[in-house]
Amino acid sequence: SQDTRDVESLRQKNVSGKYLKQIGFRNFASFMEGEIERQFASAVQPVIKRLAQLEEDYEKRKSHLEDSVNFTEPKAVKAMVRDVGISFGHALNHVLDGLVASKTGRMSLEEELHQFHEYHKSRGTWASDGMLPSADFSSLEEYLEYFRDDLRCTVYDYKLNGGAQFRRLMWESEIFVRYAEICDEVNKRDIVQARGVAITTVGW
């Protein structure tokens, strides 16, 4: 064959044996097959890596879309809203009980009443009687002493917020209203109104 003649011709010219393996079409074809295979393997690796990444991305997207479909199903949405409402209601109990760890807005009864009075002074809504329930109290400090020393309010010095603070406010408001209802002059109608009448007749 032509390859054999080419190799024999170069051997007669004392060409090194290591070069003779590269002579001829068959040797060239064998070399190109190996080189093409190596080039293809080297080029295809980034493509395979990219395809694997795309597959992973599309699997995540598929899972996300399936979750979205499930969450938007009317019965699932209804159940989710119900659970959120129940959870919020349970959390609200802790807020109203004043058991939240938050320190925002906490204040004692003395601080609260001082801020209340300062607020009305700054707004120009300060009453002429000093915003006190009756003439028995000459100043806010005396009113506060009544809560601390006479009533011995157990939560007087406690810094509260939330529902606990609101309940203390309701209790203080009740005391305020009771004193505000006491008149300097008491007439017969006031006594009858306070005493009521017989059970068999109309009472107040």
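**Exercise 1.** Identify the residues that line the largest pocket of this predicted model, and classify them.

*Solution.*
Step 1. The lining of the largest pocket is formed by E112, L113, F116, H117, M131, Y143, L169, E172, S173 and F176.
Step 2. These lining residues comprise six nonpolar, two polar and two charged residues.
Step 3. Two helices, α5 (109–123) and α7 (162–180), each contribute at least two residues to the lining.
Step 4. The volume of this pocket is about 190 Å³.

**Exercise 2.** Determine which parts of the chain the salt bridge between E112 and R168 ties together, and whether the two residues are buried or exposed.

*Solution.*
Step 1. A salt bridge requires a side-chain nitrogen of Lys or Arg within 4 Å of a carboxyl oxygen of Asp or Glu. In the pair E112 and R168, the closest N and O atoms are 3.2 Å apart.
Step 2. Because E112 belongs to helix α5 and R168 to helix α7, the pair ties together parts that are 56 residues apart in sequence.
Step 3. E112 and R168 are both buried.

**Exercise 3.** Describe the salt bridges R38 with E35 and R148 with D149.

*Solution.*
Step 1. Between R38 and E35, the closest N and O atoms are 2.6 Å apart. Both residues lie in helix α3 (residues 25–71), three residues apart, about one turn of the helix.
Step 2. E35 has a relative accessible area of 23% and is therefore partly exposed.
Step 3. R148 and D149 meet through their side chains, with an N to O distance of 3.4 Å. R148, at 34% relative accessible area, is partly exposed, and D149, at 39%, is also partly exposed.

Key:
Residues numbered from 1 in each chain as written. Predicted model: local features only at pLDDT ≥ 70, side-chain atom pairs only at ≥ 80, totals over all residues. Heavy atoms only, no water. 1 Å grid on protein atoms, 1.4 Å probe; cavity = no way out; pocket = protein on both sides within 12 Å on 5 of 7 lines; lining within 4 Å. Points joined across faces, edges and corners; volume = space filled by probe spheres on them. Helix = DSSP H or I, 4+ residues; strand = E, 2+ residues; numbered from the N terminus. Nonpolar A, V, L, I, M, F, W, Y, C, P; charged D, E, K, R; others polar. Buried < 20%, exposed > 50% of the residue type's maximum accessible area, 1.4 Å probe, protein only.
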